[in-house]
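Okay, hi everyone, thanks for having me.

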Amino acid sequence: MKILPGGACEAGTTRVNKTGGWRTFKPVYDYDKCIKCKLCELLCPDMAVNPRDDGYFEFDYDYCKGCGICANECPKSAIEMVLEEK
Amino acid sequence: MAPENKLDKSKMVVVEGSYAVAHAVKTCRPNVISAYPITPQTHIVEDLSQFMADGEIPNCEYINVESEFSALSALVGSSAAGARCYSATTSQGLELMHEVLFNVSGMRLPVVMTIVNRAVSAPISIWNDQQDSISQRDTGWIQLYAENIQEISDMTAQAYKISEDKDILMPAMTCMDGFILSHVYEPVVLLEQDLTDEFLPAYEPERILDPKNPLSFGAFADPNYYAEFRYLQEQAMQKALKKIEDVANEFYDIYGRYYGGLIDEYRTDDADIIIMAMGSIVGTIKDLIDKLRDRNVKVGLLKVRAFRPFPAEAIKEVIKDSKVIVTLDKNISLGLNEGALCTETKSVLYNSDIRVPVIGYMIGHGGRDIKVDTIEKIVDDAEEVIKTGIRIESQFADLKEELL
(Lines give C-alpha, C1' and ligand atoms only; values in the text may rest on other atoms or scores of the structure.)
Protein backbone atom coordinates (compact mmCIF):
# COMPACT_ATOMS: atom_id res chain seq x y z
CA MET A 1 0.00 0.00 0.00
CA LYS A 2 1.41 3.41 -1.04
CA ILE A 3 0.55 6.45 1.04
CA LEU A 4 -0.86 9.65 -0.47
CA PRO A 5 0.23 13.13 0.65
CA GLY A 6 -2.00 14.51 3.36
CA GLY A 7 -3.17 11.07 4.41
CA ALA A 8 -5.96 11.13 1.83
CA CYS A 9 -7.55 7.74 1.34
CA GLU A 10 -10.60 6.20 -0.25
CA ALA A 11 -13.22 4.34 1.75
CA GLY A 12 -12.54 0.70 2.51
CA THR A 13 -8.78 0.87 2.87
CA THR A 14 -8.87 -1.54 5.83
CA ARG A 15 -9.34 -4.29 3.25
CA VAL A 16 -5.60 -4.02 2.70
CA ASN A 17 -4.68 -2.55 6.08
CA LYS A 18 -5.32 -5.54 8.32
CA THR A 19 -5.73 -4.32 11.86
CA GLY A 20 -5.65 -7.70 13.64
CA GLY A 21 -2.01 -6.98 14.48
CA TRP A 22 -3.13 -4.55 17.20
CA ARG A 23 -4.43 -7.48 19.26
CA THR A 24 -2.89 -8.46 22.57
CA PHE A 25 -5.57 -10.96 23.66
CA LYS A 26 -7.22 -13.27 21.18
CA PRO A 27 -10.84 -14.51 21.63
CA VAL A 28 -11.30 -18.29 21.34
CA TYR A 29 -14.67 -20.09 21.26
CA ASP A 30 -15.58 -23.08 23.39
CA TYR A 31 -18.21 -24.51 21.08
CA ASP A 32 -19.41 -26.95 23.79
CA LYS A 33 -20.70 -23.96 25.79
CA CYS A 34 -21.96 -21.83 22.87
CA ILE A 35 -25.76 -21.59 22.49
CA LYS A 36 -25.64 -19.70 19.13
CA CYS A 37 -27.32 -16.61 20.71
CA LYS A 38 -25.55 -14.30 18.19
CA LEU A 39 -24.69 -11.62 20.79
CA CYS A 40 -20.99 -11.77 19.90
CA GLU A 41 -21.75 -11.14 16.24
CA LEU A 42 -24.12 -8.27 17.04
CA LEU A 43 -21.81 -6.54 19.51
CA CYS A 44 -18.48 -6.87 17.69
CA PRO A 45 -17.49 -3.26 16.80
CA ASP A 46 -15.27 -4.43 13.97
CA MET A 47 -17.53 -6.97 12.22
CA ALA A 48 -14.88 -9.55 12.94
CA VAL A 49 -17.38 -12.26 13.97
CA ASN A 50 -18.74 -14.24 11.02
CA PRO A 51 -21.56 -16.84 11.05
CA ARG A 52 -20.75 -20.39 9.96
CA ASP A 53 -23.04 -22.73 8.01
CA ASP A 54 -23.63 -24.86 11.15
CA GLY A 55 -25.04 -21.90 13.10
CA TYR A 56 -21.95 -21.30 15.20
CA PHE A 57 -19.62 -18.32 14.70
CA GLU A 58 -15.94 -17.80 14.00
CA PHE A 59 -13.53 -14.89 14.44
CA ASP A 60 -11.85 -13.08 11.57
CA TYR A 61 -8.44 -12.66 13.13
CA ASP A 62 -7.30 -10.36 10.31
CA TYR A 63 -9.49 -7.65 11.84
CA CYS A 64 -10.31 -8.68 15.43
CA LYS A 65 -8.47 -6.13 17.62
CA GLY A 66 -8.99 -8.19 20.76
CA CYS A 67 -11.25 -5.68 22.53
CA GLY A 68 -12.93 -8.49 24.45
CA ILE A 69 -16.50 -7.17 24.25
CA CYS A 70 -17.67 -10.55 22.93
CA ALA A 71 -16.09 -12.44 25.81
CA ASN A 72 -17.42 -9.96 28.36
CA GLU A 73 -20.98 -10.12 27.06
CA CYS A 74 -21.22 -13.85 26.29
CA PRO A 75 -24.00 -15.20 28.61
CA LYS A 76 -22.41 -18.65 28.69
CA SER A 77 -18.77 -17.60 29.09
CA ALA A 78 -18.06 -19.50 25.91
CA ILE A 79 -15.32 -17.12 24.78
CA GLU A 80 -11.92 -17.08 26.41
CA MET A 81 -9.37 -14.26 25.85
CA VAL A 82 -5.99 -15.90 25.35
CA LEU A 83 -2.70 -13.97 25.37
CA GLU A 84 -1.26 -13.69 21.85
CA GLU A 85 2.18 -15.23 21.57
CA LYS A 86 4.00 -14.35 18.39
CA MET B 1 22.53 40.02 -9.67
CA ALA B 2 19.02 40.73 -8.46
CA PRO B 3 16.57 42.23 -10.97
CA GLU B 4 15.89 45.92 -10.64
CA ASN B 5 12.57 46.78 -9.04
CA LYS B 6 10.40 48.67 -11.51
CA LEU B 7 7.66 50.56 -9.69
CA ASP B 8 5.18 52.25 -11.98
CA LYS B 9 4.62 55.57 -10.20
CA SER B 10 1.54 56.37 -12.28
CA LYS B 11 -0.18 53.34 -10.72
CA MET B 12 0.67 54.30 -7.15
CA VAL B 13 -1.94 55.14 -4.54
CA VAL B 14 -1.56 55.97 -0.86
CA VAL B 15 -3.32 53.33 1.23
CA GLU B 16 -3.06 51.66 4.62
CA GLY B 17 -0.98 48.46 4.71
CA SER B 18 -3.99 46.40 5.75
CA TYR B 19 -5.99 47.70 2.82
CA ALA B 20 -3.21 46.80 0.39
CA VAL B 21 -3.21 43.24 1.74
CA ALA B 22 -7.02 42.95 1.61
CA HIS B 23 -6.95 44.23 -1.94
CA ALA B 24 -4.27 41.71 -2.85
CA VAL B 25 -6.37 38.91 -1.37
CA LYS B 26 -9.34 40.09 -3.44
CA THR B 27 -7.37 39.95 -6.67
CA CYS B 28 -6.32 36.38 -5.86
CA ARG B 29 -10.01 35.43 -6.15
CA PRO B 30 -10.46 33.48 -2.89
CA ASN B 31 -13.45 31.15 -2.45
CA VAL B 32 -13.59 31.12 1.35
CA ILE B 33 -12.45 33.76 3.83
CA SER B 34 -12.78 33.11 7.55
CA ALA B 35 -12.52 36.10 9.83
CA TYR B 36 -12.03 36.76 13.50
CA PRO B 37 -10.93 40.21 14.63
CA ILE B 38 -7.76 40.76 16.65
CA THR B 39 -5.53 43.81 16.84
CA PRO B 40 -3.51 44.67 14.76
CA GLN B 41 -4.90 42.33 12.11
CA THR B 42 -8.55 43.46 12.17
CA HIS B 43 -8.39 46.02 9.38
CA ILE B 44 -7.55 43.34 6.82
CA VAL B 45 -10.68 41.28 7.42
CA GLU B 46 -12.76 44.46 7.82
CA ASP B 47 -11.66 45.64 4.39
CA LEU B 48 -12.39 42.19 2.95
CA SER B 49 -15.82 42.30 4.56
CA GLN B 50 -16.45 45.62 2.82
CA PHE B 51 -15.37 44.15 -0.52
CA MET B 52 -17.81 41.28 0.06
CA ALA B 53 -20.64 43.67 0.93
CA ASP B 54 -19.92 45.66 -2.23
CA GLY B 55 -20.03 42.50 -4.32
CA GLU B 56 -16.43 42.83 -5.35
CA ILE B 57 -15.37 39.24 -4.53
CA PRO B 58 -17.44 36.85 -6.64
CA ASN B 59 -17.86 33.17 -5.81
CA CYS B 60 -16.67 33.60 -2.24
CA GLU B 61 -18.02 32.74 1.21
CA TYR B 62 -17.08 35.07 4.08
CA ILE B 63 -17.45 33.19 7.37
CA ASN B 64 -17.65 35.00 10.70
CA VAL B 65 -16.42 32.55 13.30
CA GLU B 66 -16.33 32.50 17.09
CA SER B 67 -12.58 32.13 17.60
CA GLU B 68 -9.30 31.77 15.74
CA PHE B 69 -9.45 28.04 16.37
CA SER B 70 -12.69 28.00 14.38
CA ALA B 71 -11.31 30.39 11.78
CA LEU B 72 -8.64 27.95 10.74
CA SER B 73 -10.78 24.85 11.30
CA ALA B 74 -13.37 26.24 8.88
CA LEU B 75 -10.63 26.54 6.29
CA VAL B 76 -9.54 22.93 6.78
CA GLY B 77 -12.89 21.73 5.46
CA SER B 78 -13.13 24.44 2.82
CA SER B 79 -9.67 23.85 1.45
CA ALA B 80 -10.18 20.08 1.42
CA ALA B 81 -13.32 20.71 -0.63
CA GLY B 82 -11.18 22.49 -3.21
CA ALA B 83 -11.60 26.15 -2.22
CA ARG B 84 -8.86 28.77 -2.30
CA CYS B 85 -8.84 29.87 1.33
CA TYR B 86 -7.69 32.91 3.25
CA SER B 87 -7.57 34.14 6.81
CA ALA B 88 -5.48 36.58 8.81
CA THR B 89 -4.50 36.66 12.45
CA THR B 90 -1.82 37.59 14.96
CA SER B 91 -0.36 36.91 18.39
CA GLN B 92 -2.77 35.12 20.76
CA GLY B 93 -5.03 34.32 17.83
CA LEU B 94 -2.23 32.51 16.04
CA GLU B 95 -1.27 30.69 19.22
CA LEU B 96 -4.88 29.54 19.61
CA MET B 97 -4.64 28.08 16.08
CA HIS B 98 -1.56 26.05 17.02
CA GLU B 99 -3.23 22.63 16.88
CA VAL B 100 -5.02 23.37 13.63
CA LEU B 101 -1.84 24.66 12.00
CA PHE B 102 -0.43 21.14 12.14
CA ASN B 103 -3.64 19.72 10.67
CA VAL B 104 -3.66 22.11 7.71
CA SER B 105 -0.07 21.30 6.93
CA GLY B 106 -0.45 17.58 7.58
CA MET B 107 -3.43 17.37 5.25
CA ARG B 108 -1.40 19.32 2.67
CA LEU B 109 -3.95 22.11 2.30
CA PRO B 110 -2.50 25.22 0.61
CA VAL B 111 -4.17 27.81 2.84
CA VAL B 112 -2.60 31.27 2.84
CA MET B 113 -2.78 33.38 5.97
CA THR B 114 -1.42 36.82 6.70
CA ILE B 115 0.22 37.08 10.10
CA VAL B 116 0.33 40.65 11.37
CA ASN B 117 3.19 40.11 13.78
CA ARG B 118 2.56 41.09 17.38
CA ALA B 119 4.09 40.27 20.76
CA VAL B 120 2.52 37.51 22.85
CA SER B 121 1.02 37.74 26.34
CA ALA B 122 1.75 37.92 29.22
CA PRO B 123 2.25 40.77 29.87
CA ILE B 124 -0.33 41.97 27.38
CA SER B 125 1.16 43.84 24.49
CA ILE B 126 -0.59 44.70 21.27
CA TRP B 127 2.62 46.02 19.72
CA ASN B 128 4.94 44.42 17.24
CA ASP B 129 7.56 41.75 17.51
CA GLN B 130 7.80 38.41 15.72
CA GLN B 131 7.45 35.98 18.61
CA ASP B 132 4.01 34.83 17.45
CA SER B 133 4.92 33.40 14.04
CA ILE B 134 8.41 32.31 15.05
CA SER B 135 6.81 30.19 17.77
CA GLN B 136 4.93 28.34 15.00
CA ARG B 137 7.98 27.51 12.94
CA ASP B 138 7.69 23.71 13.31
CA THR B 139 4.04 23.48 12.26
CA GLY B 140 4.87 22.84 8.60
CA TRP B 141 3.86 26.24 7.24
CA ILE B 142 5.95 28.14 4.76
CA GLN B 143 6.85 31.46 6.41
CA LEU B 144 7.67 34.56 4.39
CA TYR B 145 8.52 37.93 5.96
CA ALA B 146 7.91 41.24 4.22
CA GLU B 147 9.87 44.46 4.43
CA ASN B 148 7.22 46.96 3.39
CA ILE B 149 3.62 47.29 2.30
CA GLN B 150 4.36 46.77 -1.37
CA GLU B 151 6.12 43.52 -0.59
CA ILE B 152 3.47 42.07 1.74
CA SER B 153 0.78 42.92 -0.77
CA ASP B 154 2.63 41.25 -3.66
CA MET B 155 3.70 38.37 -1.44
CA THR B 156 0.06 37.30 -1.09
CA ALA B 157 -0.18 36.26 -4.74
CA GLN B 158 3.27 34.70 -4.58
CA ALA B 159 2.27 32.65 -1.53
CA TYR B 160 -0.76 31.13 -3.30
CA LYS B 161 1.36 30.22 -6.28
CA ILE B 162 4.00 28.56 -4.10
CA SER B 163 1.57 26.76 -1.80
CA GLU B 164 -0.75 25.45 -4.49
CA ASP B 165 2.01 23.95 -6.61
CA LYS B 166 1.32 20.22 -6.98
CA ASP B 167 4.82 19.33 -5.78
CA ILE B 168 4.46 21.45 -2.67
CA LEU B 169 0.91 21.69 -1.28
CA MET B 170 2.01 23.29 1.98
CA PRO B 171 0.22 26.22 3.62
CA ALA B 172 1.92 29.60 3.86
CA MET B 173 2.07 32.45 6.35
CA THR B 174 2.92 35.84 4.92
CA CYS B 175 4.20 37.90 7.82
CA MET B 176 4.06 41.69 8.19
CA ASP B 177 5.05 43.70 11.23
CA GLY B 178 2.01 44.83 13.22
CA PHE B 179 1.27 48.58 13.10
CA ILE B 180 4.65 49.34 11.48
CA LEU B 181 3.25 47.92 8.24
CA SER B 182 -0.41 47.14 8.95
CA HIS B 183 -1.48 50.61 10.06
CA VAL B 184 0.89 52.77 8.05
CA TYR B 185 -0.08 54.57 4.86
CA GLU B 186 2.47 54.32 2.08
CA PRO B 187 2.38 54.83 -1.66
CA VAL B 188 1.91 51.41 -3.25
CA VAL B 189 0.88 49.81 -6.49
CA LEU B 190 -2.17 47.76 -5.56
CA LEU B 191 -1.97 44.21 -6.90
CA GLU B 192 -3.25 44.47 -10.47
CA GLN B 193 -6.25 42.23 -11.23
CA ASP B 194 -5.36 41.59 -14.88
CA LEU B 195 -1.77 40.70 -14.05
CA THR B 196 -2.80 38.49 -11.12
CA ASP B 197 -5.18 36.57 -13.37
CA GLU B 198 -2.21 35.97 -15.67
CA PHE B 199 0.21 35.13 -12.81
CA LEU B 200 -1.97 32.96 -10.60
CA PRO B 201 -3.90 30.10 -12.21
CA ALA B 202 -7.08 28.74 -10.62
CA TYR B 203 -6.52 26.25 -7.80
CA GLU B 204 -7.09 22.77 -9.18
CA PRO B 205 -6.37 20.19 -6.50
CA GLU B 206 -5.95 16.55 -7.48
CA ARG B 207 -7.95 15.28 -4.54
CA ILE B 208 -10.94 16.98 -2.91
CA LEU B 209 -13.76 16.13 -0.53
CA ASP B 210 -16.60 15.16 -2.84
CA PRO B 211 -19.67 13.04 -1.93
CA LYS B 212 -19.58 11.45 -5.40
CA ASN B 213 -16.07 10.17 -4.80
CA PRO B 214 -15.66 9.87 -1.02
CA LEU B 215 -12.21 10.36 0.50
CA SER B 216 -10.86 10.76 4.01
CA PHE B 217 -8.21 13.44 4.65
CA GLY B 218 -5.60 13.13 7.35
CA ALA B 219 -6.70 9.60 8.12
CA PHE B 220 -5.23 7.61 10.98
CA ALA B 221 -1.61 6.56 10.54
CA ASP B 222 -0.25 3.94 12.89
CA PRO B 223 3.49 3.56 13.56
CA ASN B 224 3.83 1.66 10.29
CA TYR B 225 2.96 4.77 8.27
CA TYR B 226 3.33 8.02 10.26
CA ALA B 227 7.01 8.77 9.66
CA GLU B 228 6.57 8.62 5.89
CA PHE B 229 3.98 11.42 6.03
CA ARG B 230 6.43 13.62 7.90
CA TYR B 231 9.12 12.75 5.36
CA LEU B 232 6.85 13.81 2.49
CA GLN B 233 6.14 17.14 4.24
CA GLU B 234 9.85 17.79 4.63
CA GLN B 235 10.45 16.84 1.00
CA ALA B 236 7.79 19.38 -0.03
CA MET B 237 9.52 22.07 2.05
CA GLN B 238 12.82 21.32 0.32
CA LYS B 239 11.11 21.65 -3.07
CA ALA B 240 9.62 24.95 -1.91
CA LEU B 241 13.15 26.40 -1.67
CA LYS B 242 13.42 26.46 -5.46
CA LYS B 243 9.76 27.29 -5.98
CA ILE B 244 10.01 30.44 -3.85
CA GLU B 245 12.87 31.66 -6.06
CA ASP B 246 11.07 30.70 -9.26
CA VAL B 247 7.86 32.41 -8.20
CA ALA B 248 9.72 35.62 -7.29
CA ASN B 249 11.22 35.62 -10.79
CA GLU B 250 7.90 34.85 -12.48
CA PHE B 251 6.36 37.66 -10.47
CA TYR B 252 9.07 40.02 -11.69
CA ASP B 253 8.50 38.99 -15.31
CA ILE B 254 4.80 39.84 -15.10
CA TYR B 255 4.63 42.73 -12.62
CA GLY B 256 8.18 44.13 -12.80
CA ARG B 257 8.56 44.08 -9.02
CA TYR B 258 11.12 42.10 -7.07
CA TYR B 259 12.12 41.85 -3.40
CA GLY B 260 14.42 38.85 -3.42
CA GLY B 261 13.50 35.18 -3.50
CA LEU B 262 14.49 33.23 -0.41
CA ILE B 263 16.74 36.10 0.63
CA ASP B 264 17.70 39.52 -0.63
CA GLU B 265 21.02 41.32 -0.37
CA TYR B 266 21.99 44.93 0.08
CA ARG B 267 25.60 46.02 -0.42
CA THR B 268 26.96 42.62 0.63
CA ASP B 269 29.52 42.22 -2.18
CA ASP B 270 32.62 43.25 -0.25
CA ALA B 271 31.03 43.39 3.21
CA ASP B 272 33.05 42.38 6.26
CA ILE B 273 29.99 42.76 8.49
CA ILE B 274 26.70 41.23 7.34
CA ILE B 275 23.54 42.02 9.25
CA MET B 276 20.77 39.43 8.96
CA ALA B 277 17.17 40.42 9.69
CA MET B 278 13.54 39.86 8.73
CA GLY B 279 10.63 42.22 8.22
CA SER B 280 10.28 45.99 8.42
CA ILE B 281 13.54 46.51 10.36
CA VAL B 282 15.27 45.89 7.03
CA GLY B 283 14.44 49.41 5.83
CA THR B 284 16.08 50.99 8.87
CA ILE B 285 19.17 48.84 8.37
CA LYS B 286 19.49 49.87 4.72
CA ASP B 287 19.46 53.55 5.72
CA LEU B 288 22.15 52.91 8.29
CA ILE B 289 24.26 50.93 5.82
CA ASP B 290 24.22 53.84 3.36
CA LYS B 291 25.40 56.15 6.16
CA LEU B 292 28.15 53.77 7.31
CA ARG B 293 29.33 53.03 3.79
CA ASP B 294 29.98 56.77 3.40
CA ARG B 295 32.39 56.33 6.32
CA ASN B 296 33.94 53.27 4.61
CA VAL B 297 32.52 50.76 7.07
CA LYS B 298 32.13 47.60 5.01
CA VAL B 299 28.69 46.53 6.12
CA GLY B 300 25.89 44.82 4.19
CA LEU B 301 22.46 43.38 4.74
CA LEU B 302 21.12 39.88 4.23
CA LYS B 303 17.35 40.08 4.32
CA VAL B 304 15.74 36.74 5.10
CA ARG B 305 12.41 36.54 3.25
CA ALA B 306 11.81 32.82 3.74
CA PHE B 307 12.27 31.60 7.29
CA ARG B 308 10.57 28.28 6.50
CA PRO B 309 11.87 26.57 4.50
CA PHE B 310 15.15 27.90 5.88
CA PRO B 311 17.43 29.02 3.02
CA ALA B 312 20.65 27.48 4.33
CA GLU B 313 22.54 27.32 1.03
CA ALA B 314 21.53 30.82 -0.08
CA ILE B 315 22.69 32.23 3.25
CA LYS B 316 26.02 30.38 3.16
CA GLU B 317 26.70 31.66 -0.35
CA VAL B 318 26.29 35.28 0.76
CA ILE B 319 28.16 35.16 4.05
CA LYS B 320 31.04 32.84 3.23
CA ASP B 321 33.57 35.64 2.61
CA SER B 322 32.47 37.97 5.40
CA LYS B 323 34.22 38.42 8.74
CA VAL B 324 31.28 38.56 11.12
CA ILE B 325 27.54 37.89 10.96
CA VAL B 326 25.10 39.87 13.09
CA THR B 327 21.60 38.46 13.51
CA LEU B 328 18.75 40.69 14.67
CA ASP B 329 15.77 38.88 16.16
CA LYS B 330 12.42 40.24 17.30
CA ASN B 331 11.95 37.02 19.26
CA ILE B 332 13.69 34.92 21.88
CA SER B 333 13.82 31.25 22.70
CA LEU B 334 13.61 31.50 26.47
CA GLY B 335 16.16 29.21 28.04
CA LEU B 336 18.60 29.50 25.14
CA ASN B 337 19.00 33.29 25.26
CA GLU B 338 18.92 33.47 21.47
CA GLY B 339 16.55 34.55 18.75
CA ALA B 340 15.61 32.03 16.08
CA LEU B 341 17.59 33.59 13.25
CA CYS B 342 20.72 33.47 15.40
CA THR B 343 20.27 29.83 16.37
CA GLU B 344 19.42 28.63 12.90
CA THR B 345 22.16 30.56 11.16
CA LYS B 346 24.70 29.04 13.53
CA SER B 347 23.19 25.60 13.00
CA VAL B 348 23.57 25.67 9.22
CA LEU B 349 27.19 26.79 9.50
CA TYR B 350 28.37 24.32 12.12
CA ASN B 351 29.08 21.34 9.85
CA SER B 352 30.27 23.48 6.96
CA ASP B 353 33.76 24.78 6.26
CA ILE B 354 32.63 28.39 6.72
CA ARG B 355 34.19 29.77 9.88
CA VAL B 356 32.56 33.15 10.38
CA PRO B 357 31.61 34.23 13.91
CA VAL B 358 27.89 34.82 14.49
CA ILE B 359 26.62 37.24 17.12
CA GLY B 360 22.96 37.67 17.90
CA TYR B 361 20.90 40.57 19.22
CA MET B 362 17.32 40.41 20.42
CA ILE B 363 15.72 43.69 19.61
CA GLY B 364 12.43 45.55 19.38
CA HIS B 365 10.43 43.25 21.64
CA GLY B 366 6.86 44.30 22.42
CA GLY B 367 7.02 47.14 19.91
CA ARG B 368 10.03 49.02 21.28
CA ASP B 369 11.25 51.37 18.57
CA ILE B 370 14.37 50.18 16.83
CA LYS B 371 16.53 53.23 16.42
CA VAL B 372 19.30 53.67 13.89
CA ASP B 373 21.60 54.46 16.82
CA THR B 374 20.90 51.07 18.41
CA ILE B 375 21.88 49.23 15.26
CA GLU B 376 24.88 51.49 14.76
CA LYS B 377 26.12 50.51 18.19
CA ILE B 378 25.66 46.86 17.24
CA VAL B 379 27.81 47.43 14.15
CA ASP B 380 30.48 48.95 16.42
CA ASP B 381 30.34 45.76 18.52
CA ALA B 382 30.68 43.68 15.36
CA GLU B 383 33.81 45.59 14.32
CA GLU B 384 35.24 44.78 17.74
CA VAL B 385 34.44 41.07 17.21
CA ILE B 386 36.46 41.09 13.99
CA LYS B 387 39.47 42.37 15.97
CA THR B 388 39.18 40.46 19.22
CA GLY B 389 36.69 37.62 18.73
CA ILE B 390 33.30 37.01 20.34
CA ARG B 391 32.84 38.20 23.89
CA ILE B 392 29.05 37.96 24.16
CA GLU B 393 27.42 35.59 21.72
CA SER B 394 23.81 36.68 22.13
CA GLN B 395 22.16 39.49 24.08
CA PHE B 396 19.30 41.95 24.27
CA ALA B 397 20.20 45.04 22.26
CA ASP B 398 17.94 47.57 23.88
CA LEU B 399 17.44 46.63 27.55
CA LYS B 400 16.57 49.43 29.97
CA GLU B 401 18.80 48.53 32.88
CA GLU B 402 17.14 51.18 35.06
CA LEU B 403 13.89 49.16 35.12
CA LEU B 404 15.49 46.01 36.46
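**Contacts, shape and a patch**

So, let's start with contacts in chain A: if you take those between residues at least 6 apart in sequence, 64% join residues at least 24 apart. Just so you know, this is a predicted model.

Now the layout. Chain A has two helices and five strands. Reading from the N terminus, the order is β-β-α-β-β-α-β.

What about the overall shape? The radius of gyration of chain A is 15 Å, whereas a compact globule of 86 residues would come out near 12 Å.

Out of 86 residues in chain A, 30% count as buried.

Okay, now zoom in on the surface. Which residues form a nonpolar patch there? They're A:Leu39, A:Leu42, A:Leu43 and A:Ile69, and together they have about 320 Å² of accessible area. Helix H1 of chain A, residues 39-43, gives the most to this patch, with three residues.

Let's pick one of them, A:Leu42, which sits in helix H1 of chain A. Is A:Leu42 buried or exposed? Its relative accessible area is 60%, and exposed means over 50%, so A:Leu42 counts as exposed.

That's my tour, happy to take questions!

Notes: Residues numbered from 1 in each chain as written. Chains lettered and ligands numbered in written order. Predicted model: local features only at pLDDT ≥ 70, side-chain atom pairs only at ≥ 80, totals over all residues. Heavy atoms only, no water. Patch = residues over 30% accessible without salt bridge, like charges linked within 9 Å, V, L, I, M, F, W, Y side chains within 5 Å. Areas by Shrake-Rupley, 256 points an atom, 1.4 Å probe, with all protein chains shown as cover. Salt bridge = Lys/Arg side-chain N within 4 Å of Asp/Glu carboxyl O. Helix = DSSP H or I, 4+ residues; strand = E, 2+ residues; numbered from the N terminus. Buried < 20%, exposed > 50% of the residue type's maximum accessible area, 1.4 Å probe, protein only. Rg over C-alpha atoms; globule rule 2.2 N^0.38 Å. Contact = heavy atoms within 4.5 Å.
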